[in-house]
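Welcome! Keep the picture beside you as you go through the points.

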Amino acid sequence: MNTAPDIKKEDRRESYRDSVATITKDGRRNYINPKKPKGRFYNLRTRFSIFYLVVFFTLPFIKVNGEPLLMLNILERKFIIFGLIFWPQDFFIFGIAMLTFIVFVILFTVVFGRIFCGWACPQTIFMEMVFRKIEYWIDGDATKQKQLIAMPWNSEKIRKRVVKFIAFFSIAFIIANFFLAYLISMDELIDHIKNPTANLGTLISLLIFTTIFFFVYWWFREQVCIVVCPYGRLQGVLLDKNSILVAYDYNRGEPRGKYTKEQKEEKHDCKCTDCKGTGACNDLADKFTTMFPPKGDCIDCNACVRVCPTGIDIRNGTQLECVNCTACIDACDDIMVSINKPKGLVRYASENSIKDGVQLKFTSRIKAYTAVLCLLLTLLTFLILSRTDLDARLMRTSGMTYSSLPDGRIANLYNLKLANKTHKDIPFTLRLEDVAGEITPVGSGKLIVPKEDYTNLQFFIKLNRSDVKGWKKIITVGLYENGKILKTIEAKFIGPEVYE
Ligand code: SF4
Ligand code: SF4
């Protein structure tokens, strides 16, 4: 989606569509060396990133009742989210939660554009706030980096490359460990690391993850956002003219033009706050306008382009490559201050607010997404609150009919499958709730469901003939823990069709 009209030169206006900044004319990778950003947004993002990194590296160590606070064990289909264990039986809750999350992301994107990418996406945080900072520290700023790339393999280049390789690989290895800890829990990971020969799978996974992370942050970089990330691909359909994005105010900036030496020298010493030193006030206005035909505020310095980690020119309008990292806002603000113009030529704004000065509107699209989100949130809350710690499935044993006992009673054989979603063992007893009769488990052993595990139990239910009035009867079985009812389950009881 491009929105910036009236950009001075025709070729410049449209030619950017013909190429991708990160690919050279001959189809090779154009490695971007963005200038180090500085400014209020960059500082704020650095603080946010420190917070996220602390959370990321701390969460796997936090436990609730001996279990991790967060674990997403995809292989064993076991998920612990804020201490709550979710099993495959809870898959519909998980599905609704995912759906709610997706609608939330859509709504958030419709209103705030790609703010997530710039401020909270792990890829951007690790790339821009960890690896890129280390790169600036080792290789220097953009110019020095380019010089290093161009220079032959001398001792300086070899030293810097080796140091950078070790730093990047070590951090990739640490990230891979924590990534794995989120999948199998930190305790398990430490166990596996202590005994690597018995857990070769973990070791291989660690090496694979480390290599992937290293490859991404050493070489692939912004290509993740531009080529791989599905969220990035969706921007074209999610954003509209009311979405708030990092945008260039073309009304204010165009026609752009170089800031001339004469212009600099002509700054008058007016102390008023209206013209901010531009000379466009009072008696100097005529003189100034005659000398310098009116120009937009953009002085075509390219500072915003030089800091862009995806190599784009934000003045061309909203582009899919833009991850809303705010580096261009900081760069342009810096320039505006230096030429005594107000900040915000590049800023967070919607197309409509730039074009017509219209502020954010609660459009019917936003209303519809909000309504769907509220419905899903209500459903999700209900499902979570009504979710039980013990799942029970009771069925008559398939292929078996009833049996008549010598004492005249009728017996049915049942299978009970129990899933314990808590962190403690649950001992239980069974009782018939609405009919007199007897429950006789098959085999001996304690009736107990181990923590975070399943148990299967077979038992007979024996009823008096007089209590079975037809060929089929619905009975209710109660599950008790220390005399306290946990839940009731209904089951079918069959008997002979006709009774005397
Ligand atoms: S930094 Fe600002 S003034 Fe310089 S080219 Fe970009 S938009 Fe124009
Ligand atoms: S144009 Fe580039 S620098 Fe500006 S927000 Fe987008 S990605 Fe960042």
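Ligand 1 has 13 residues around it, and Cys298, Cys301, Asn302, Cys304 and Cys332 come nearest; a residue counts as near a molecule if one of its heavy atoms lies within 4 Å of it. This is a predicted model, in which local features need pLDDT of at least 70 and side-chain atom pairs count only at pLDDT 80 or more, while totals for chains, interfaces and linings use all residues. Side-chain values use heavy atoms, with hydrogens and water left out, residues are numbered from 1 along each chain as its sequence is written, and chains are lettered from A and ligands numbered from 1 in the order in which they are written.

**The chain as a whole**

- The protein chain holds 18 helices and 17 strands; helices (H or I, at least four residues) and strands (E, at least two) are DSSP runs, numbered from the N terminus.
- Of the 500 residues in the protein chain, 46% are buried. Buried means under 20% relative accessible area, exposed means over 50%, and partly exposed is in between (1.4 Å probe, protein chains only).
- Looking at contacts in the protein chain with a separation of 6 or more, 71% are between residues 24 or more positions apart. Contact here means heavy atoms within 4.5 Å.

**The two ligands**

- Helix 15 (303-306) and helix 16 (327-338) each give at least two residues to the shell around ligand 1.
- Sorted by class, the shell around ligand 1 has 10 nonpolar, one polar and two charged residues. Ala, Val, Leu, Ile, Met, Phe, Trp, Tyr, Cys and Pro count as nonpolar, Asp, Glu, Lys and Arg as charged, and the others, Gly among them, as polar.
- Ligand 2 is surrounded by 13 residues, the closest being Cys308, Cys322, Cys325, Thr326 and Cys328.
- The shell around ligand 2 has 10 nonpolar, three polar and no charged residues.

- Thr326, in the loop between helix 15 and helix 16, has a positive phi of about 75° although it is not a glycine.
- Thr326 counts as buried because its relative accessibility is 1%.
- Ala327 lies in helix 16, and it counts as buried because its relative accessibility is 3%.
- Ala327 and Cys308 are 19 residues apart along the chain, and their C-alpha atoms are separated by 6.4 Å.
- Setting aside neighbours within four places in sequence, Ala327 is in contact with Pro37 and Val307.

- Most residues other than glycine have a negative phi, and most peptide bonds are trans.
- Arg221 is not a glycine, yet its phi is positive, near 45°.
- Arg221 sits in the loop between helix 9 (200-220) and helix 10 (223-228), and it counts as buried because its relative accessibility is 1%.
- The peptide bond from Glu254 to Pro255 is cis, with omega near -5°.
- Pro255 belongs to the loop between helix 12 (250-253) and helix 13 (261-265).

- Which side chain makes a polar contact with the side chain of Lys164? The partner is Asp139, at 3.1 Å. A polar contact is a pair of N or O atoms within 3.5 Å; within protein, one must be able to donate a hydrogen and the other to accept it, and residues adjacent in sequence count only if both atoms are side-chain atoms.
- Lys164 is found in helix 7 (residues 155-184), and it counts as buried because its relative accessible area is 5%.
- Not counting residues up to four places away in sequence, Lys164 touches Glu135, Ile138, Asp139 and Trp218.
- Asp391 lies in strand 8 (residues 390-396), and it counts as buried because its relative accessible area is 18%.
- The side chains of Asp391 and Lys421 are joined by a polar contact of 3.2 Å.
- Leaving aside neighbours within four places in sequence, Asp391 has contacts that include Gln89, Lys417 and Lys487.

**The largest pocket**

- The lining of the largest pocket has 45 residues, and Leu70, Leu72, Phe101, Phe116 and Pro122 lie nearest its centre. On a 1 Å grid over the protein atoms alone, a pocket is an open set of points where a 1.4 Å probe fits, with protein on both sides within 12 Å along at least five of seven lines; lining residues have an atom within 4 Å of a point.
- The volume of the largest pocket is about 2100 Å³; grid points are joined across faces, edges and corners, and a volume is the space filled by probe spheres set on the points.
- Helix 3 (residues 91-112) gives the largest share of this lining, 10 residues.
- By class, the lining of the largest pocket has 44 nonpolar, one polar and no charged residues.
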